[in-house]
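Q: Please take a close look at one part of this structure, the charged contacts and what surrounds them. Walk me through it in one connected account.

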Amino acid sequence: MRAIAIDFETANERRDSACSVGLAWIEDGAVVRRAYRLIRPVEMRFSPGNVRIHGIRPRDVSAAPSLPEAMAEF
């Protein structure tokens, strides 16, 4: 079996505030590739609760690509 697992972290409570993405390619039950990208959300509003969970701050993503740019290679 082949699959891709994807996980987003968000800057705030909005679903469209992705600030990072992680992907894992799985083949026959084993992870064969991993990728992680920081993303610059359109609105740079970070909720303290979200930052406590993932530790990503506005300064970490200020020079990061947008979501479409970050996902283009995939």
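A: A residue is called buried under 20% relative accessible area, exposed over 50%, and partly exposed in between. By that scale Arg33, at 38%, is partly exposed. Keep in mind that this is a predicted model.

Start with Arg33. Its side chain meets that of Glu73 in a salt bridge, at 3.9 Å from N to O. Arg33 sits in strand β3, while Glu73 belongs to the segment after α3 (67-71), so the bridge ties together parts that are 40 residues apart in sequence. The cut-off for a salt bridge is 4 Å. Glu73 has a relative accessibility of 51%, so Glu73 counts as exposed.

The search of the whole structure finds five salt bridges. Turn now to those of Arg45. The side chain of Arg45 meets the side chain of Glu13 at 2.9 Å, N to O. Arg45 is in the loop between β3 and α1, and Glu13 is in the loop between β1 and β2 (18-27), so this pair links parts that lie 32 residues apart in sequence. Arg45 also forms a salt bridge with Glu43, where the closest N and O atoms are 3.2 Å apart. Through shared partners, Glu13, Glu43 and Arg45 make one salt-bridge network.

Glu13 is exposed, at 57%.

Glu13 has a further partner, Ser47. The side chains of Ser47 and Glu13 make a polar contact at 3.4 Å. Their C-alpha atoms are 7.5 Å apart, although 34 residues separate the two in sequence. Ser47 lies in the loop between β3 (30-38) and α1 (48-54). Its relative accessibility is 14%, so Ser47 counts as buried. Setting aside neighbours within four places in sequence, Ser47 is in contact with Ala11, Asn12 and Glu13.

Last, a nonpolar part of the surface. Ile6, Phe8 and Leu67 form a patch there, with about 250 Å² of accessible area together. Phe8 is found in strand β1 (residues 2-10). Its relative accessible area is 36%, so Phe8 is partly exposed. That value clears the patch cut-off of over 30%.

Technical notes
Residues numbered from 1 in each chain as written. Predicted model: local features only at pLDDT ≥ 70, side-chain atom pairs only at ≥ 80, totals over all residues. Heavy atoms only, no water. Patch = residues over 30% accessible without salt bridge, like charges linked within 9 Å, V, L, I, M, F, W, Y side chains within 5 Å. Areas by Shrake-Rupley, 256 points an atom, 1.4 Å probe, with all protein chains shown as cover. Helix = DSSP H or I, 4+ residues; strand = E, 2+ residues; numbered from the N terminus. Buried < 20%, exposed > 50% of the residue type's maximum accessible area, 1.4 Å probe, protein only. Contact = heavy atoms within 4.5 Å. Polar contact = N/O pair within 3.5 Å; in protein donor to acceptor, adjacent residues only side chain to side chain.
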